[in-house]
Structures are given as C-alpha cells and as structure tokens.
Amino acid sequence: MNDIATQTPAPERANPSPRVRIDLISTVVQRALPNGVRMEIRPQRPVTAAWDQALPLFEGWIQSAELRVRASGLTDGPFFAALEIEGAKVGTTVAAAIGSAPAEAGAGPLSSFSVELVVPLALLAPHAGKRCALRLILSPQSSLAGGRKVTLARTIFVGIPGYGPLLSALDLLESTDSVLVDAPERRLFDLQNPEEGLWIGTGKWRLRLFADWAKLEGEPFVIDTKPSHVSHRFQRDDDAPAVVVEDATRRAGGRRTYTELVLDSSHPDLLPIPEEGKDIALDLTVEHALTYGEHTGVCTWHAALPVRLRDPRPLLKSFQRLSAVGIDFGTTATVAALYQKGYRALLRLGSGSAPAAKSAENPTYLLVEDHERLWAEVERAAAGDTRFPNLLRIVRGSHAAREAMTDSPNAVVPELKSLPERVLSLDQSPQLRDRERRRDFLLDESRVRILVRAYAYLLSRAINRPGQDVYLRYWLTHPAKFDERARKLLEEEIRRGILLGIPEGIPAEEIVVEMSASEPEAFAAEVCPELATYPELEPVISKFGEMRFAVFDFGGGTLDIACGRFRPATEQEAEELGSRTVIETLQVSGDDHLGGDYLTHELVWLTHQHDKHLPEMEEKEVPMMRPQTVPPNNLANKPHLYKRSLAGRQNRFRFERELGLEAVKFAPENEPRRAADLSAARLDGSEVRLESLATDVPALHGKLTEHLQTRIRDGVKLMKSMLAIAPWGSEGDWREQGVTILLAGNSSRSAFVEQALADELGIPGLKVWRPGSSEPFQQVVLYETPQRTERGVTIVGVTPKTAVALGALKIANREVHLVRRAQGFSYFVGDLRGFPPKFVALVQMGTPVSDPSVFGPHYVDFGKWDTKTPLRVAQEYVAGKMTSNDPRVSMIPTGLAAGLVGRLFVCVSGPDELTLALQRDGQDPLVTTLNLAKYMR
C-alpha cells in the first residue's frame, strides 16, 4: 500500500516531517488467557484504505482484550506515533522502530520502520456500532506537538453481547504407544516434566492436540472449530524432513478443535541437548473462520507448548549399574520383570480390558494393519541401521491385538513364540489377511523374524519409555524342550527388537540379551526361596538340608518339567559366584506340543468332528483349522475342509469364543455353551448358521473331558518317569525323598491337573496346597500370592505365570545362582522282545551322556539289526505292559542306509541324541547320529 495521505486535512507545511510511506497495515483484537494461550481476531482480508474493515467488540472480551494496530513501511527519519479514533487520541505514544535502508532502487535516504499501537478494548466500547477512522499521529517529538495525521483505514466496531470465542482448555497428548499397544496417553504435563519429557533419538512421536471451546450454543457468532490453517515453529516449505509435521487430514472440529502432529525426536536440528535437557517450544498458530452478523473474520490462537527433550547419554554410567530385566517370552503371554526405584515391578504392555490380576501377562500377539508397510519399514530401519521404526497404523500389539481377535481374527498373529517351528520346521504358515488393506499374505523365515522383532521392539519401548531408566541387560527364558534353531532365531530377533527401542545415543555394544535359563528353572529360582520359609516344608528341609523340587510348568504352548534342589552354596560356589544359595538342576524335559492353547484348539477340533456336528459341517462346507497335534487324515470324507484357509482359521476362534471352550479345560463341571445361532464361515467366504451346536452338549462334554484327562495324564506320566530317574541322593520314592511338586503356568490351575496328579502319583483325595491354605500339605504346591501395599509401596503379586519372569530377574541379579548337573538321556529306547512281544527299554531315561568317539561299555548292544527296522522310543515305560500298538511308543528311523544287516550298538551322546554304530563282519562300522527331539515333539 502506498498511502502518504488519503484525506485532505489542513494545508501541510512545505517540508512535512516525518515523511512516511506505509506499505503494510494490520489490525488485531487480542486477548491473553490465563493458561498462556493468546487469542486474536482479525479481518478476513488484508487491511487497506480501499474498504471498511469490521472488528468485533465481544462483551466478554471488553475488560481483558486490546486492539493492536501495526504499520510498517519507509520513513525519512525517526518519529513517535499514537492512534487517533474519531478525533481523539487513544492509548499511549510509542517510538517507531527504525531499521536499515532498503535495497530497492530509488528509495533514496529512507529507512524502514515499524510501529505497533496498543489500545485497551474498554476504551473502544463507546464506539460500538460506529464506523470510525483510524489515524496515525506522527511527530519527531514524543509530545506529538504539531504532529501530522495519516488515515490508515475506516473500521466498523461491531458490538456483540456474550462471551465471545474462548478456549477453556488446551492439552497436547502423546499417543504413540496408545496407537501401538493401547497404552495410556501422556498429557502435556508429562511432556513438560523435566524428569520425563522425551528421550532424544527415539524417532517419531504422535502428538494429539485438543483445544476445548467454552459455551458456543446460543452465541451471536459462528466459529468453525475445525482449523483452516495450522503453522508452527518448525514450518518448512520444501520436501526436506522436518522436526514437526502436521497431519492436515486429521483435523476436526465440534465442541473441541483437534489435529495431530508428528515430532521427530531424532532430527539433527534439535541438537545440541544440554545434560539437564531443554524445552523445545512448538509455537503453534491455529486459525478458524469466524462469522458475526454480516461480517467475517479470522479467529487465531497461539500457544508455545514447550516439550522437554532429554539426552540419555550422560546417564549411561547410571544405566550400567541397573539390574537386568527378566523376560518370560511365552507362547500365549509375555511377562517382563524389572526393578524400579529399588522395588520389583511387572510391566504392562498397553492397557486393554484384562483384569488387574492378569494385567502384566502381555499377550504375545500382533495385529497386522498393513503387511507390506510392515516389511518395508522394519527392513528400512535395518538397512539404515536406525532405531525406532515408525510402526504407527502398521501394527498393534499385546492386549490391543488380542482384543482384535473378535472382529479381525485373520489379521492377528497369535503365539509368536511358536512361529519359527510352525513356519520353518513344519511348513504350517497361517494364512493371514491384514486389517487395513484386506490383502492376504503368508509367512516365511524373514517375515517371522520381522514379526518377532516388531513385538520385542514394542516391549522395549515400554520398558525404556521416557520418565524411567534405560535398561541395558535382558535375561530371557526358554522352554525346557525347545528346537535349537527356533531358540536361536528368537534370541537373535528379540535382541534386535529390544535394540530398536533403545535411544540412539546408547551404543549397541552396551545392550546384552541372553536366553540362558529354562522356564521351570527360573520358576524355581523365584518360588523356592520363598516357599522354603513356610513351616509346612520345615520337616523335609531339616531332614535333607535342602529343598527338593519338581516343577510341572503347564503353560499355554509347552509343558516343561525340571527336577532339582534348592540348597546352600558351597564355599567354593559362594566364592566364585557371589551367591549364598543355588538352584541345582538335576534333569529337565518336557513336551513342546502339550499346553493350554494346544488343548483349547484340540477341543475346538473335537467339537467340529463330533459325530452329531460333523455331518452338518460337511454338508454346509464349514472348514476348521487343524491343530498341529492332529496329523493330516487323508481318509476324511472332505479333506479340503481341513486345509489351510482363512475361513478355517476364523472358525477356530469363533467356536472357541461362542462355545466357551477355553473354560472347559479348567474344571469338569464347565460344560460347553449351547450356540443356537452360531454363524460360521464357509470356504467360499459366505456365512452360514449352524443348528447342531445347540444340542447334545452332555455327549460332547463327555468326549472333551475324556480327551483332557488323557492328554494331561500323559504329561503327568512324563514327570513321574523323571521323578524316578532323577539322582536325588537317597532311597525311596519321590515323597520319601522329600520332593515338592511345584505347579507353574496358568494351565496348571486346571482341576484336571489336580486329578491327574492324584491318579498317577497315587495320592487319593489330593488337594493342591497354596500359601495360607488350610488343606493338608501333600507335597504338591501351587504358589501364588496377591499384590499388596506396604508403607505406600506396591509389592507385586506372584502367580504361576509371573513367577518365571521374576525368577529370571533373580538369576540375572545373582540373588540365586543356577547350577546344572550333566543332563541324562530324556527317553526310553528299545525293541520288541519276548512272546507275546512287548516293548523292552534297552536304553533307560536318565542314562549319562558318554563320548561316542570311544567304543566301550557305554555302547548298548541291540543285537542283530536290519537298518530298515525302526527304533522304538518312549517317554514313559512300564515293563511288560507295553505292546507293539501302544500309543506311547514312537517308531523312529535309524538314519542308516537301508537294506543293511549287522550288529547295532547304541550310545547316548546327548540328552536328546543317540549315536548308532552298525558293525558288519570285515567292514568298518557305519556310524550316524540321531536327534530324537525333532521326532518326539
């Protein structure tokens, strides 16, 4: 705007001073709120003398707001200025800010200037409803004597009753982990807290902005609460990565203004961060369209919104002194135990609807929103050696993923721990479909690795979140019987995932992740020191000077058994290990296909296959996902119903949920629910209603109960065999030797377990003893203590599930040291002998491991042998009772070249390994090594 004077006042002097050229004018009604927010109302168009602007005088703004008039341009010298309205000076006199000479051609001896004049809105109240001229009074003297008057614009002051637009509350919520795992959001107070805030180098954080408006209904104005424009301190006009980016697609209005921002805490523009941290102000400016009467304007509010950034590197030495984190990476749920402020705590990964008693049992589940973006983002992080991949709206984990099973079962990957075996060894990749794109995908080794890594990353984010310490050491547990390839894959990917959740300033070599303790050993490390103090165990501990135990860990995916003793450390052990007590493992074994989740799936399968239901299933083409423990049956009438399909997977979870089959395995009185209108998925993707599931519940219940009894008794028989061969060091059966059976894992709460123990171990009327129980102590214990508060401190509760992670924490911190005696053989191996032929164990469970390279008496003579004849292997042995068709006996090929005959010698070369030597006259013996673990799963 070029306006020396637009009116014709009194004749000017020949050389008026100062001479000004006004290029820019702005008028703003501004109000500062107690919460630090600054609100402004300005005309919708740039202010010029060519049109009359309108400014509202809201009744609620009169006493606390002010009119700010800004003008800038060129001047030939310094001057003072004031504002005049309708011939009267209003507000104070101010000196113009004089700048440097402009670079434009023909400017002459001129300098730039700017001036801002402030008038309390209360002084303008008398002008409400009038059209007024805004003029500048200019003079070289502060008294404004002889000052010139320059008209800026004509303004209509519109008087409006009511409060006017007003923000009643403002908050900035950090919701990254809320999206990923449904964790509670952190509020602006947390983000500004000097002890919390954000760690620098932790990637992108999703910030949700909420601005609540005071009463809008009935007000004589209309404001569009959805932002029309948002800007901030880190605004960029190019495509380069920015510190802060607003997602304009997320803007919303209504009773509150909403938008989302992404703050990149790893951006180099934020550096340096001093040791004490620093505040980074976002300086948000948000604009809204405003209508009052026949006039329009723009309502803008400004908020600094500082966020505290902290650098973890100066704290590295204190992090190095922290204890380790104990993690039980379970098939169904994962538990992490750690010390916080000197007290043990259990991590909750998200919130969900789980009851408080199970809140720390974090489901080992992932919900895949977009599988292609997942592979790409994790691989991008790996290729660039960066941490904190951006998985927002790509995956969800833990409780949030588990709850999605109801609506999106095919997008949920459950039981991540068993994926390596299912996909790599058994070629049983589940068929999946991501939730957002609705596209199918299968898993291979690289994708399994990414899924495990993504879950471990979510776990690491929660453990090392801002506001608490960064943990550098992690002690993981594994099943007693576990495929070595799967164990190695899990250890590698969990380490990589945990590293992804560590702030970038912490060197990778500082992070230690070990998978070194079996789950039953860790359970014993937690429970035995506490249980040994109870008076019920005092007689056996006094007699033997130690606590002898057998852990029966019946979890979601595996049955793990460990026999051992909790004893004082020898002087040498105490000197070497720094611990006064020892968990000594005598023998471990287990079944990695006998767990609560396997049983539930088997119950679903048996329901589908029940003779009263199967005809309807086959007639209506209702498929079912086959359990891993059920071999393919090529003789089925419709085998295509049991091949891998999304519909079969979906039906598995529908049957389980609608029929209440999860509860059936915990007590004989828990019958399946009748489902009169259960809707099932057909192979073609359509839905069909089933009728037969509303009838014949007693017959189905009887079949399911019989199955549960048989399967659980198989596990108890395995423990019974181990009790008989463990080298306890004294005579008699397990009870006479003072062994206490410890029940671990959530599935051990089942009444079927109690009954199987009573039947197989010969304890009529057995009642499992719990701490504080009035039942007689019969050397079978389920150790569980509730959470409690002492002196304001929460003492974590111990459950059959959480005890494993808590025990891993004790082992990692050398509170209890783990010692393993050389493990004996885990099976009975033999042949059919006698008439009628019966299985005879020639190699006994517990046989010591020997050196196979030296031929000697440790080689057992199996006699003349045809290599086509398989070995017979069992985990249970009853002499003279096991026939050739006994289901407890498995036939395992020798691995020797077929069609040869010689004398077979067998040596135990490992707990799960045999070395076979076939001797033939005049020839070198044929030798092979046979790993039984992969056959006996």
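In what order do the three strands of the open sheet with antiparallel pairing stand? The order is β27-β26-β28, and this sheet opens a briefing on a model that is predicted.

**The three-stranded sheet**

- The sheet is open, and its strands, in the order β27-β26-β28, pair in the antiparallel sense.
- Strands β27 (395-397) and β28 (412-413) stand at the edges and have a single partner strand each, which means that one side of each is left without a neighbour in the sheet.
- Strand β26, made of residues 366-368, is joined to β28 by two bridges in the antiparallel sense, and Leu366 has Val413 in β28 as its bridge partner.

- On the α12 side, the contact is made by Asp597, Thr600, His601, Val604, Thr607 and His608, while α14 contributes Arg652, Phe655, Glu656 and Leu659.
- Sorted by class, the residues in this contact of α12 with α14 are three nonpolar, four polar and three charged.

**Cis peptide bonds in loops**

- The peptide bond that leads from Leu271 to Pro272 is cis, with omega near -5°, and Pro272 has its place in the loop between β17 (256-264) and β18 (278-281).
- A cis peptide bond is also found from Phe835 to Pro836, where omega is near -10°, and Pro836 lies in the loop between β43 (828-833) and β44 (838-843).

**Leucines with a positive phi**

- Leu144 is not a glycine, yet it has a positive phi of about 60°, and it is found in the loop between β9 (131-139) and β10 (148-160).
- With a relative accessible area of 12%, Leu144 is buried, since buried means under 20%.
- Leu305, likewise not a glycine, has a positive phi of about 45°, and its loop is the one between β20 (295-303) and β21 (306-310).
- Leu305 is buried too, with a relative accessible area of 5%.

Technical notes. Residues are numbered from 1 along each chain as its sequence is written. This is a predicted model: local features need pLDDT of at least 70, side-chain atom pairs count only at pLDDT 80 or more; totals for chains, interfaces and linings use all residues. Side-chain values use heavy atoms; hydrogens and water are left out. Two strands pair if DSSP finds at least two bridges between them. Helices (H or I, at least four residues) and strands (E, at least two) are DSSP runs, numbered from the N terminus. Buried means under 20% relative accessible area, exposed over 50%, partly exposed in between (1.4 Å probe, protein chains only). Contact means heavy atoms within 4.5 Å. Ala, Val, Leu, Ile, Met, Phe, Trp, Tyr, Cys and Pro count as nonpolar, Asp, Glu, Lys and Arg as charged, and the others, Gly among them, as polar.
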